[in-house]
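Student: I have a structure open and would like to go through it with you. Could we take a few residues and then the packing?
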Amino acid sequence: MNFPDVICEKVATYKEVSGKHPFVIDEFEHSYFVVGDHHFYEGYSMLFLKRHVRELHELSESETTGLALELQRATKAVNDCFSPWKMNHMLLGNQAQHIHWHIIPRYEKDPYHKSYPFSDVMKGEVDLSDYAHSDESALELATKIRKYL
């Protein structure tokens, strides 16, 4: 399986179960707001564009505006739920070539809180699989964040 298929498969699963997937916090017009695969950063979540598009500049102006407002709404919910020190966002797409945002709450207790997210992972100090969500923990987190939408 190549990386671009991973997000398309997740989005297809979210559509298939229509609001009953434990990782889905909410479905917006253009995107799915979901719990991230791990809880290394408390409240880490993601926003997946519903349709397969690789680059922001390939979106229509109205879709870009809608997606930006959805990202803002998702970020505000995470911020209000967890009161982090700072909120980080990442949209890269070098591996998973499908528009998706990483919403990363940062905390002062994070030893690299003034550095880029996942620097400790890249240094080999953290294995994210140790922080993987179960369906139960994802549902609990989704329910908690959903209260702030």
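This is a predicted model: local features need pLDDT of at least 70, side-chain atom pairs count only at pLDDT 80 or more; totals for chains, interfaces and linings use all residues.

Student: Where is the place of Ser31?

Tutor: Ser31 lies in strand E2.

Student: Does Ser31 count as buried or exposed?

Tutor: Ser31 counts as buried because its relative accessibility is 0%, and the cut-off for buried is under 20%.

Student: Which side chain makes a polar contact with the side chain of Ser31?

Tutor: That of Glu70, at 2.6 Å.

Student: Next topic, the largest nonpolar core. Which residues touch the most other members?

Tutor: The core has 25 residues, and Phe33, Leu47, Ile103 and Ile145 touch the most other members. At least two residues each come from strand E2 (31-35), strand E3 (45-49), helix H2 (61-82), strand E5 (100-106) and helix H4 (135-146).

Student: Which of these gives the most to this core?

Tutor: H2 does, with 7 residues. There is also a second, separate core of 14 residues, with Tyr14, Met46, Ala96 and Phe118 among them.

Student: At what angle do H2 and H4 pack?

Tutor: The angle is about 100°, and the axes are 9 Å apart. H2 and H4 are therefore roughly perpendicular to each other, as angles of 65 to 115 degrees are classed that way.

Student: Which residues meet there?

Tutor: From H2, Ala77, Val78, Cys81 and Phe82 meet Leu141, Lys144 and Ile145 of H4. By class, this contact of H2 with H4 comprises 6 nonpolar residues, 1 charged residue and no polar ones.

Student: Moving on to Ser83: what is its phi?

Tutor: Phi of Ser83 is near 50°, a positive value in a residue other than glycine. Most residues other than glycine have a negative phi. Ser83 is placed in the loop between H2 and strand E4 (86-90).

Student: Is Ser83 buried or exposed?

Tutor: Ser83 is exposed, since its relative accessible area is 57% and the cut-off for exposed is over 50%.

Student: And Asn88, which strand is it in?

Tutor: Asn88 is in strand E4. With 16% relative accessibility, Asn88 counts as buried.

Student: What does Asn88 touch?

Tutor: Leaving out residues up to four places away in sequence, Asn88 touches His102, Ile103, Ile104, Arg106 and Pro117. The side chains of Asn88 and Arg106 are also joined by a polar contact of 2.8 Å.

Notes:
Residues are numbered from 1 along each chain as its sequence is written. Side-chain values use heavy atoms; hydrogens and water are left out. A nonpolar core is a set of buried Ala, Val, Leu, Ile, Met, Phe, Trp, Tyr and Cys residues joined through side-chain atoms within 4.5 Å. Buried means under 20% relative accessible area, exposed over 50%, partly exposed in between (1.4 Å probe, protein chains only). Helices (H or I, at least four residues) and strands (E, at least two) are DSSP runs, numbered from the N terminus. A polar contact is a pair of N or O atoms within 3.5 Å; within protein, one must be able to donate a hydrogen and the other to accept it, and residues adjacent in sequence count only if both atoms are side-chain atoms. Axes are lines fitted to C-alpha atoms, for helices over the stretch in contact, and angles run from 0 to 180 degrees between N-to-C directions. Angles under 35 degrees count as roughly parallel, over 145 as roughly antiparallel, 65 to 115 as roughly perpendicular and the rest as oblique. Contact means heavy atoms within 4.5 Å. Ala, Val, Leu, Ile, Met, Phe, Trp, Tyr, Cys and Pro count as nonpolar, Asp, Glu, Lys and Arg as charged, and the others, Gly among them, as polar.
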